[in-house]
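Welcome! Let us take a friendly walk through a protein structure, one piece at a time. Keep the picture open as you read.

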Amino acid sequence: MADIDGIKQSDIAEKLGLNLSTTKSRIQRARQMLREEFLTCCHLETDRKGNLIGFAVKESCKPLQELKKRQT
């Protein structure tokens with residue numbers, strides 16, 4: 001909700017009935033988990049500043065390979 005929908009973390013906490021520190025921790029943990037999945041499943045290409053400029057799905061990443069097949 002925070003990263004995709006742009007909802008403030010405090011609003012998310014209120015909506016879910018959680019305190020703000022718990023919400024922040026969960027968001028950070030989710031970001032880390034997503035980062036690990038990207039590193040596991042993709043070859044990432046970045047520029048000198050670290051900005052993402054391209055990627056390729058690794059052959060070893062079965063879920064994304066299956067998704068890629070269905071889209072072609």
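## Two strands side by side

Let us begin with a pair of residues facing each other: T46 stands opposite L52 in strand β2. Please keep in mind that this is a predicted model.

Strand β1 covers residues 42-46, and it pairs with β2 in the antiparallel sense over five bridges. The two strands form a hairpin with five residues between them. Look for G50 in that hairpin, where its phi is positive, near 90°.

## The disulfide

How many disulfides does the structure hold? There is one disulfide. It links C41 with C61, and the S to S distance is 2.1 Å.

Where do the two partners sit? C41 lies in helix α3, residues 20-41, while C61 lies in the loop between β2 (52-57) and α4 (62-71), so the bond ties together parts that are 20 residues apart in sequence. Both C41 and C61 are buried.

C61 has a relative accessibility of 3%, so it counts as buried, the limit being under 20%.

Now find C42, a cysteine that is in no disulfide. The nearest cysteine sulfur to C42 is that of C41, 6.0 Å away. Is C42 buried or exposed? With a relative accessible area of 5%, C42 is buried.

## Two helices that cross

Next, turn to the helices. Two packed helices are described by the angle between their axes and the distance between the axes. For helix α2 (residues 9-16) and α3, the angle is about 110° and the axes are 9 Å apart. Angles of 65 to 115 degrees count as roughly perpendicular, and α2 and α3 are therefore roughly perpendicular to each other.

Which residues make this contact? On the α2 side they are Q9, S10, I12 and A13, and on the α3 side they are L20, T23, K24, I27 and R31. Sorted by type, the residues of this contact are four nonpolar, three polar and two charged.

## Two residues of helix α3

One residue from that contact deserves a visit of its own. T23 is found in helix α3, and its relative accessible area of 3% makes T23 buried. Leaving aside residues up to four places away in sequence, T23 touches Q9, I12, A13 and L18.

S21 is also found in helix α3. Its relative accessible area is 49%, so S21 is partly exposed. S21 and S10 are eleven residues apart along the chain, with 9.2 Å between their C-alpha atoms.

Technical notes: Residues are numbered from 1 along each chain as its sequence is written. This is a predicted model: local features need pLDDT of at least 70, side-chain atom pairs count only at pLDDT 80 or more; totals for chains, interfaces and linings use all residues. Side-chain values use heavy atoms; hydrogens and water are left out. A disulfide is a pair of cysteine sulfur atoms within 2.5 Å. Helices (H or I, at least four residues) and strands (E, at least two) are DSSP runs, numbered from the N terminus. Buried means under 20% relative accessible area, exposed over 50%, partly exposed in between (1.4 Å probe, protein chains only). Axes are lines fitted to C-alpha atoms, for helices over the stretch in contact, and angles run from 0 to 180 degrees between N-to-C directions. Angles under 35 degrees count as roughly parallel, over 145 as roughly antiparallel, 65 to 115 as roughly perpendicular and the rest as oblique. Contact means heavy atoms within 4.5 Å. Ala, Val, Leu, Ile, Met, Phe, Trp, Tyr, Cys and Pro count as nonpolar, Asp, Glu, Lys and Arg as charged, and the others, Gly among them, as polar. Two strands pair if DSSP finds at least two bridges between them.
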